[in-house]
Structure formats: structure tokens, C-alpha cells
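Subject: A structure to look through

Hello,

Here is the structure I promised to hand over.

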Amino acid sequence: MLNWSAMTEAQILLFALVLLRMIAFIVSSAFFGANAVQVHVKILLSITLSMVLYPVVRIGHVDYLTISNEIIGLAIRELIVGLALGFLTRLFFFVVTMVGDLVSMSVGLSASQMYNPMMGSNGNVLDTFYSTLGTLIFLSINGHHMLINAIAQSYQLVPVSSLSLNVGPFAEVAMFGQTALLLTIKMCAPVIVTILLVNLAMGILGRAVPQINVLVTSMPVTIMIGMTVVFIGLPLMGMEMNGLVEITADNLFKVMKHL
């Protein structure tokens, strides 16, 4: 058992490296890094997880005597690893937010603004609704446990105090943007197609019956039909979000294995 009161200088430096990666991950991660989570809670969580994981952390092939000489480079490396892994966990909420933006623009509710607590910025009503729904689904399938498991395994797959860092997997992060865009279009396709058909029908109706003011009539009709499709498709949306969490976890562990 580790005696915290009798730690050597090398052990203190190693614990500082573990804590740096943990803080960078917590601050940039999808759930724990939200602006709704207070700063002192993030710091306390980072210190607690670091103390729990430190006794089982895998150490790289670096002599303890050389750690003090390379402490700056090692600290920067740990910050890069923590921030990169935390950013990858946000793929789920990035997709959910984009779905809310596209659906709101299609329905006609993009002008209404509300505060989005998960992204820390103002968004429209449907954006906030999808973010809240995504957060509930994320918690219901123990997504927060996945985040803790990911940072715990990162210390095994990417050893602390190792001077080498493979930056090749970072290039694959750009491909995740393509995956996120495809998933976004797939999740909001029913609403977009429905609104397109409604607009075509209103255009034909406006040509057939010129007395009808299409610009005034189409807005409530579009909102009513669009929201109906949104609520009918909620079960399917939940299944897609569940699969999105699995895709996020797969991409996260794929990057960690090649760092």
C-alpha cells in the first residue's frame, strides 16, 4: 500500500504527471467538463481519481533520475494526451447539437434562443431539447462510467513518463468529423424530408389557390408537422443515440491504442 506521507521526489513528480492528464481530461471531456459543473468540483474529482489510479499507473521506460530533467516535456505531453482524449468524448454531444440545429432550421424555430448547459453556449429550443435528451440517455447507459474507464485505461495504453508520443492517430481525428456529419444527417433525415414534402405541398397549394397566403399559413403548419415527426421519432432517436455512444467509445479507444 502506498504511503502518501513518505513519497519520494520522483513519486511526487509522477503523481503530478498523472494529475495533469486527469485535469486536462476532466476539463475537456463531454460530461464532466460542462460549464454547469463547477470548477472546484472538477478539481476535486481530478484529485480523487488521480489518487485512486496512481498506485496502479503504468510507468514508461524512463529512469526516475531523468524525470526531473524532462519534467516540462513530460508535462506538455500529458496535457496533450488528456485534452485529445477529452475532446474525442465530445463527439456524442457535437452530433446531438448539430441534429438540433438542423431540425430547428428545418422546422422554423432557429430564431428562438436558450442556454445550452452541455455546450456552454446559447442555442435554439430544439438544440437544448436534444442536448437534454442526449444527456439523459448518456447517463442511463452509464456513459459517465465509460469516461472514467477510458481515462483509467489510458494510463495503461499510454504510459506516464514515456518520452515518445505517436501523433499519427491525431490525423484520424479529422475523419471523425465526416462520421459525425453522416450520423447527423441520418438522425435528422426524417424531419428534413418531411418538411421538404410539406414545403412542396404548400407551394403547389399556393399555385392552385392564389387566395391563400402561403407565407403566413406555411409557418404554423410546418412547425406542427415538424414537431409531430420529432416526437414520433423519439424512440428511434434514442436507439441512434445509444449507437452513437458506442461509436464514440470505439473511436476513443482506437486512438488510445495507437498513441
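This is a predicted model: local features need pLDDT of at least 70, side-chain atom pairs count only at pLDDT 80 or more; totals for chains, interfaces and linings use all residues.

**A buried serine**

S154 counts as buried because its relative accessibility is 0% (buried means under 20% relative accessible area, exposed over 50%, partly exposed in between, with a 1.4 Å probe and protein chains only). This residue lies in helix 7 (residues 143-157); helices (H or I, at least four residues) and strands (E, at least two) are DSSP runs, numbered from the N terminus. S154 touches R21, L85 and M256, not counting residues up to four places away in sequence, where contact means heavy atoms within 4.5 Å.

Residues are numbered from 1 along each chain as its sequence is written, and side-chain values use heavy atoms, with hydrogens and water left out. The mean pLDDT (the predictor's confidence in each residue, from 0 to 100) is 78 for the protein, and 82% of its residues reach 70 or more. Confidence is lowest in strand 1 (residues 113-116), with a mean of 56, and highest in helix 2 (residues 39-53), at 87.

**Helix 1**

R21 is also among the buried residues of helix 1, as are L14, F15 and F25. Helix 1 (residues 9-28) has 20 residues and spans 29 Å from its first C-alpha to its last, close to the expected 28 Å (1.5 Å times one less than its number of residues).

Happy reading!
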